[in-house]
Amino acid sequence: MIKFLIKGLIRDKSRSRLPVIVVAIGVMLTVFLHAYITGFMGDTIEMNARFSHGHVKVMTRAYAENMNQLPLDLALMDVEELLNNLQQQYPEYAWTPRIQFGGLVDAPDENGETKAQGPAAGFAMDFLSEGSREADRLNISKSIVRGRMVQEQGEALLSDDFASKLRVEPGDEVTLIGSTMNGSMTMYNFRVAGTVSFGTEVLDRGSILVDIEDARLALDMYDAAAEVVGFLQTGFYDNEMALNTASSFNNKYTAAEDEFAPVMKTLSQQGSMGQYVELSNVWAVYITMVFVLAMALVLWNAGLLGGLRRYGEFGVRLAMGEEKGHVYRTLIYESVLIGIAGTIFGTATGLFLAALVQEYGIDISGMMEGSSMMMPSIIRTRITPVDYYIGFIPGLFSTVIGTMLAGIGIYKRKTSQLFKELEA
Amino acid sequence: MKYILTAFLTVWLVTGYSQPKAEEILERIDQNMSSENRVFESSMTIHGKRSSRTITSKSWSVGDEKSFTEYLSPAREQGTKMLKLEDQLWIYSPSTDRTIQISGHMLRQSVMGSDLSYEDMMDDRKLTDTYDAEVTGSEEVDGRKAWVLELTAKVDDVAYAARKLWVDAERYIPLREDLFAKSGQLLKRSVMSDVVEVDGRWFPKTILYKDMLKQGDGTEFKMLDIKFNQDIPEHIFSKASLKM
Amino acid sequence: MKTALKLAFRNLIGAGLRTWLNVLVLSFSFVVIIWMNGLMAGWDYQAKTDMTNWQIGGGQYWHEQYDPYDPFTLTESHAPVPAGFSDELARGTMEPILVVQGTIYPEGRMQPVAITGIRPGQEILMIPTFALDTVVTDAVPAVIGAVLSRNMQVKEGDRLTMRWRDANGMFDATEILVIKVFSSNVPAVEAGQIYIPLEKLRSMTLLEDEATLVTFSDSEKERQDAGEWVHKSKDELTAPVDEIIKTKTVGQSVFYGILLLLAMLAVFDTQVLSIFRRQKEIGTYIALGYTRREVVGLFTVEGAMHSVLAAVVAALYGFPFLWWQAREGWTMPIEASEFGMAMAQTLYPVYSAGLVIATVLIVVLVTTIVSYLPSRKIAKMNPTEALRGRIQ
């Protein structure tokens, strides 16, 4: 029976081609849109994760309480051991230490006297150790304005505006003057490897990015780090999973009354990111619902149209003595087949498009010139498991329901009328 | 603040028990200080939240205008040098081979993480030039009789509007000093102890220095070794000597 | 033409459910596009209004040394208010604000803050400076923002030691009493600042008659830089808002595009079927003397009329919805102030006539094009064959 129907569908292109194309396009749009909304809403989350919050972050309790003051004296110690533990216990995350610090960057003239000086916000990350993905997380290769990425110890990236203000070029040496973990004044030389621009005023006016080992030397933080951030290997924030990880980690340290005991916070537990995570989920659901509803209406219509196209054929079949019920049922079966074919085809193309945009992104930086906000300049889609089945809602159900409604016409009309349509 | 540093180096004359005039005391101290040169080694213990650190240094100074300090330990600070000439301050760090002038807001940074700022070390004007002093009575400090001096700023560009000084009535060394804001709020306190005799002069070997607004246990200075009237070559007080 | 419209309308209505499904989808597009754009416009408007009300008034003069991102500049960035401002100052349409670096010690922790002196009676900004008029004998009355309150764990009624330096660098310290904690939608005014009476701060710092900023209410007046005072217009100060809105708008337009594409898919499908099923009718039209172009026109109008009907339907349920939204606002389930820009928790969409007209025009135009494309096939039909209903 199914074989027969399939044969019919394949041989009669008017029965199969257009409906499948319509369903496929509709499903493709739904899948792509869902991935797009997830990506667009998630971008701000990932941006925050990459630049500061991580998907999860480990700090000392005391540091966590005073996080906005960057209190280095409250930093984590014995980080190597902590990192090993984390990597063993939670291998689904990539763990990396970071230090944020404040200081002055001093540029010397040819005599070694101060030529220019300015306050700097320092970011120390693991740029150099093998397999570190920190540079990618910050999208440094795309953000480089002059020079190149840090390639060895003792090198630093300066924000481009800052470098101009200090009148330094890649290759020049600058001195960082800061405070160590103990509060001592410290000086440390860096060679400017390159300059960067992130498109956000706060970061672009005075940042210095250095490798964490340099920062540890400079700030007297041997085997210490202000924070250890974890990123899910999937690359995308999963709130539920992060919360589980954090509570499992924190359970191990509940006994410790030590204010320097490590504590883990998820992205959603830092600042108001939790509310944003919530918001973006709500938004994604709303928008997807509106869209799936619209899509259902369209495919319902397509189902109706598909049924109407074939009134003539039904007339013949009825005239030949086929039961109305049988005609109706075969119609439904066919629509199921069309729905499935369209949905599979549509989901595949939708996913393909979404994967392309996830990989390459839509660059809107041209539209964003002169932006000074921490805003994603490339919009990316994000494929989630939902995308693999969401297409079935409109693709299969709406098509079938549409056909069911259209098929009622078979019962309403007289055989003779249907037959007349064939004649027409 | 002045006394915290100068206490290490000042000669205190024993002048009996009758209540002297405040100006006299200060004048005498100031005279002694400005004519004095000294070489000393000291340690500074900073009581941090997690641990305490001790930093040792060797200093050469003439009066209050010129001083040169080299840090000896810990290894991290070793070789760091600091030169102060009048109201200018330079720091040399051997790891960067750079000499940086500390000015403006950088002066307000803490010295090696202590409760003391660079600026606190920079005020080298004579107390008699900047403060009106008055002896307001006598109190017992650590079992010793001390004159209580109240100093009020007579110029408006000093950091502290008022100071209160407890001076050992017999040995004429300060035992305690409180520094006040214009409003009268107590800002900082230093307490001197371990008074010993060096070259016939009384000298407090330990000073506990504390920022009263901040939490914490303050910073402790200890004089390890001090010599007066040494032959200090003039070239030591030059920027060139920082790099040597 | 009139007949064509009538005919098209009848044909559409005759198609019943199919038409209404298309119309419904199209009307969705109308409402969603207008609503979302309205939200963006509302956000933009609101953010700027909030900034005007809380932070910048109608614009500001900055001392040339002033840099809000660099607290070290505060030591240098003050000067006497220019004499040229005295008229506006007297009328209360200009407010001098003095900002000085200070330190507070909540529970013995040292925290840098910007001490902001502002007249208690000022009426340009919504900061509750009136609370600074409270008589406190043993402390300085202060007002702080909710962000500072949260970050430093300071509440209304708390007393704190605050330390600063006067113009000569002499230390001074006093107790402040937090009279009021305010919350706005502008994080910049809430974080890291302690508001105290202007005259008090001036006398505390020996900076009589001086200011760091001068905020004015009249944004229309022509203004130039005045000596060491740099004029910052409202547009300049609100530029970051435009940027964030622009990104959001660009991102959303992809969504509209897809939604519209979907609606077009429906219209296209309908058109193809119409032409397929109604060949006999087409043949008849031509037999009756219609030119092919006229028949194409008829079908195009019929398809395009979907969008007109959709506009009517959208108006029926969209108008009350949009109106309700504009009145009640759309409340986000989050506190938005920590995003670092002015953003209210409830956004009230603002719809402009331009927005509505543009949306209608775009949808009608796109629908017409999509209706026209399949209709072109008619022009290629052989009328006799068509009349017989042969599939071609």
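Author: The following account begins with the chains, turns to the part where they meet, and ends with two further surface details.

The model is predicted, and accordingly local features need pLDDT of at least 70 and side-chain atom pairs count only at pLDDT 80 or more, while totals for chains, interfaces and linings use all residues. Residues are numbered from 1 along each chain as its sequence is written, chains are lettered from A and ligands numbered from 1 in the order in which they are written, and side-chain values use heavy atoms, with hydrogens and water left out.

Chain A contains 16 helices and 12 strands, where helices (H or I, at least four residues) and strands (E, at least two) are DSSP runs numbered from the N terminus. Of its 424 residues, 56% are buried; buried means under 20% relative accessible area, exposed over 50%, and partly exposed in between, with a 1.4 Å probe and protein chains only. The accessible surface of chain A is about 17900 Å², 57% of it on carbon and sulfur atoms; such areas come from the Shrake-Rupley method with a 1.4 Å probe, and for residues only the protein chains shown count as cover. Chain B has 5 helices and 13 strands, and 55% of its 244 residues count as buried. Its accessible surface comes to about 10100 Å², of which 46% belongs to carbon and sulfur atoms.

Where these two chains meet, 22 residues of chain B are in contact with 32 residues of chain A, contact being heavy atoms within 4.5 Å. The size of an interface is often given as the accessible area lost when the parts come together. Here chain B and chain A bury about 2000 Å² between them, 48% of it on carbon and sulfur atoms; this buried area is the accessible area (1.4 Å probe) that two parts lose on being put together, summed over both. On the side of chain B, Arg50(B), Arg76(B) and Arg98(B) lose the most area to chain A, together 37% of what that side buries.

The rule finds 3 salt bridges across this interface, each a side-chain nitrogen of Lys or Arg within 4 Å of a carboxyl oxygen of Asp or Glu. One of the salt bridges pairs Arg98(B) with Asp106(A), their closest N and O atoms being 2.5 Å apart. Strands S2 (52-62), S5 (88-93) and S6 (98-101) of chain B are the elements that give two or more residues to the side touching chain A. The largest share of that side, 3 residues, comes from S6(B).

Leu17(C), in helix H2 (residues 17-56) of chain C, is partly exposed at 40% relative accessibility. Phe130(C) lies in the loop between strand S4 (111-118) and strand S5 (140-145) of chain C, and is exposed, with a relative accessible area of 55%. Leaving aside neighbours within four places in sequence, Phe130(C) is in contact with Pro120(C) and Lys180(C). The C-alpha atoms of Phe130(C) and Pro120(C) are separated by 4.9 Å, with the two residues 10 apart along the chain.
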